[in-house]
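Dear colleague,

Here is the structure that I promised to pass on, with the sequence alongside. Please keep it open while you read, as my notes follow below.

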Amino acid sequence: MSNPNANPNPLFLREEELNQGIELLFYAYRDFTSEPDRILEKHGLGRAHHRVVYFVGRNPGTTITDLLRILRITKQSLSRVLKQLIEQNLIDQQSGLRDRRQRLLYLTESGKSLERELSGNQRKRVARAYREAGAEAVEGFRKVMVGIMDDPERDGFNRP
């Protein structure tokens with residue numbers, strides 16, 4: 001394994017540099033999700049529940065269709081996750097005003113509290129990393145992450 005603290009290699013497209021980038025993504029994700037995983041386990045929930053809680057919290061009133069587009073999971077998987085979140089009074093489901101068949105999703109007060117608890121540590125990690133890296137590096141990170149995405153425009157991001 002390469003040293004992630006080494007000076008940037010001007011030959012950044014070489015296999016070793018690419019492997020280091022992959023490893024950094026794996027290790028960062030492991031640590032980024034470790035605290036939320038412990039919290040979720042206490043509630044009998046998993047990462048899929050966290051993603052739903054996060055995106056419903058960021059998009060109050062989102063529809064099932066929009067959530068399926070964001071998460072790119074099956075209706076069956078989302079249905080299972082939503083059922084549990086609704087049963088635990090973390091998400092409230094309301095009928096649409098124009099189309100009563102439409103289901104709009106909102107976090108309950110308990111859901112908002114759980115989202116703050118789950119994402120609080122993650123926000124602190126990202127803030128610390130951003131502060132240490134500086135604005136130019138943050139913009140570079142954003143460009144790299146958007147570049148990895150299949151269709152950033154679909155998810156509300158523009159390619160650099």
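Helices α1 and α5 pack at an angle of about 160°, and their axes lie 9 Å apart; axes here are lines fitted to C-alpha atoms, for helices over the stretch in contact, and angles run from 0 to 180 degrees between N-to-C directions. Because of that angle, α1 is roughly antiparallel to α5, where angles under 35 degrees count as roughly parallel, over 145 as roughly antiparallel, 65 to 115 as roughly perpendicular and the rest as oblique. The crossing of α1 past α5 is right-handed, a term used when the near helix is turned clockwise from the far one by less than a right angle, with left-handed used for anticlockwise. On the α1 side the meeting residues are Asp31, Phe32, Thr33, Ser34, Glu35, Pro36, Ile39 and Leu40, and on the α5 side they are Leu114, Glu117, Leu118, Asn121, Gln122, Arg125 and Val126, with contact meaning heavy atoms within 4.5 Å.

Before going further, please note that this is a predicted model, in which local features need pLDDT of at least 70 and side-chain atom pairs count only at pLDDT 80 or more, while totals for chains, interfaces and linings use all residues. Residues are numbered from 1 along each chain as its sequence is written, and side-chain values use heavy atoms, with hydrogens and water left out.

Leucine 40, which lies in helix α1, counts as buried because its relative accessibility is 1%; buried means under 20% relative accessible area, exposed over 50%, and partly exposed in between, with a 1.4 Å probe and protein chains only. Not counting residues up to four places away in sequence, leucine 40 touches Leu45, Gly46, Arg47, His50 and Leu118.

Helices (H or I, at least four residues) and strands (E, at least two) are DSSP runs, numbered from the N terminus. The C-alpha trace spans about 55 × 35 × 30 Å along its principal axes, and buried residues make up 24% of the 160 residues. The unreviewed UniProt entry lists residues 15-150 as "domain: HTH marR-type", an annotation given in the numbering used here, with its name shortened, that may be inferred rather than shown by experiment. Within that span, which is 74% helix and 9% strand, the end C-alpha atoms lie 21 Å apart.

The largest nonpolar core has 20 residues, of which Val52, Leu78, Leu85 and Ile91 touch the most other members; such a core is a set of buried Ala, Val, Leu, Ile, Met, Phe, Trp, Tyr and Cys residues joined through side-chain atoms within 4.5 Å. Two or more residues come from each of α1 (15-42), α2 (47-58), α3 (64-71), α4 (75-87), β3 (103-107) and α5 (109-133). Leaving out residues up to four places away in sequence, leucine 85 touches Leu45, His49, Val52, Val53, Leu90 and Ile91. Histidine 49, in helix α2, is buried at a relative accessible area of 6%, and beyond its neighbours within four places it is in contact with Arg80, Val81, Gln84 and Leu85.

Helix α2 also packs against α3, at an angle of about 120° and with the axes 11 Å apart, which means that α2 is oblique to α3. Here Arg51, Val52, Phe55 and Val56 of α2 meet Leu67, Ile70 and Leu71 of α3, and α2 passes α3 in a right-handed crossing.

Finally, three loop residues may be of interest to you. Proline 60, in the loop between α2 and β1 (62-63), is exposed, with a relative accessible area of 57%, yet it is in contact with Leu105 and Tyr106 when neighbours within four places in sequence are left aside. Most residues other than glycine have a negative phi. Arginine 72, in the loop between α3 and α4, has a positive phi near 55° and is exposed at 53% relative accessible area. Asparagine 89, in the loop between α4 and β2 (91-95), has a positive phi of about 60° and is partly exposed, at 46%.

With best wishes
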